Amino acid sequence: TGAVGLYNVGQTCCLNSLLQVFLMNIRFTGILRRITVPPHAVQKKRHVPYQMLLLLEKMQCGKQKAVSPTDLTCCLSVHGVKLFVQYDAAQLFLTLWNLIKKQMKKLELVQELSYLYTICIQEHLACQKCSFETKRNSSMLTLPLPLLDSNSYMLKTLEDCLQCFFQPEELTDQNMCFCEQCGRKTPFLQSMKLVHLPQTLTIHLKRFCFEKSAYIHKLSHYLPFPQDLDFNAVLTENQCEADVNEKAGWQYELFAVVAHSGSTSCGHYCAYIRSLTECKWYCFNDSEVCQVSWDDVKCTYGHSSLHW
């Protein structure tokens, strides 16, 4: 089935979960299999994509229920990814992706990797005193969705979170911007429009929240997400900057959920992943892997404590 676990080699549940999401994505492994293999042993030990490829082959060729990612973790430690550390999944995902992209030598593979994961957003800033407006395109690897609205009320669905993310925001008082046309600081309207979505879209629910006292706490409230998501049905015309052909690809099926239980200081990660070859859901909990139902996946909608 390809559903093979990864042993925890030192608080690596977050890393293990992300590796499973990468390696269960057949579009990603299709790119990984075409990398240029480093010629020397020392280079091979430091090469993240190559070590991921070795781990993939180890998982697929062996008959064990789980394998050890030790060689890959040692490789990552050379690049500053420490063991025995509590990681945030979104932050570690960005770190891994940047290392993979940086070490891929073939330009066409770098482009394919970017097309597979990169989101393009157009940022708008409009002066509220005159007609001055600026536009800038920027790329991001995840859509970081808030779980609270501007009044700190809990949002109730994933669609609500998307609407909140693309909602225009007034920049007033201390947040005013300098207007070149007015020659002074004025109120601005800040908005973001969606330009391009990738083949594999990664959404980051911002459950770790900063308070004014700099204390971080976790938002564990219930937030359902669908198995299918059509951005054309969620966002308005004013929230998009794309043609009809681009929008035709803005329909998604849920592929994986990286779930966290516990608090901000102590917790555990696992991954629920839908096999693209079998169309079945599995729970990857370090070395333990089992088939699960959609009802099991829905347990990740939010709880103060989550038992796998």
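**Salt bridges, core and sheet in a predicted model**

Reader: What is the relative accessible area of Lys298, which is partly exposed?
Author: This is a predicted model, in which local features need pLDDT of at least 70 and side-chain atom pairs count only at pLDDT 80 or more, while totals for chains, interfaces and linings use all residues. Residues are numbered from 1 along each chain as its sequence is written, and side-chain values use heavy atoms, with hydrogens and water left out. With a 1.4 Å probe and protein chains only, buried means under 20% relative accessible area, exposed over 50%, and partly exposed in between. Lys298 counts as partly exposed, because its value is 31%.

Reader: Which residue forms a salt bridge with Lys298?
Author: A salt bridge needs a side-chain nitrogen of Lys or Arg within 4 Å of a carboxyl oxygen of Asp or Glu. For Lys298 the closest N and O atoms are 3.3 Å apart, and the partner is Asp295.

Reader: How many residues apart in sequence are the parts that Glu288 and Lys65 tie together?
Author: The side chains of Glu288 and Lys65 meet in a salt bridge, at 2.7 Å from N to O. Glu288 lies in strand β18 (residues 288-292), whereas Lys65 lies in the loop between α4 and β2 (66-67), so the separation in sequence is 223 residues. (Helices, H or I of at least four residues, and strands, E of at least two, are DSSP runs numbered from the N terminus.)  The number asked for is therefore 223.

Reader: Which residues of the largest nonpolar core touch the most other members?
Author: A nonpolar core is a set of buried Ala, Val, Leu, Ile, Met, Phe, Trp, Tyr and Cys residues joined through side-chain atoms within 4.5 Å. The largest such core has 40 residues, and those touching the most other members are Phe22, Phe28, Met52 and Tyr117.

Reader: How wide is the arc that the buried residues of α7 cover around the axis?
Author: The buried residues of α7 are Leu109, Val110, Leu113, Ser114, Leu116 and Tyr117. The arc is taken from the directions that lead from the helix axis to the C-beta atoms. These residues lie on the same side of α7, because their arc is only 160°.
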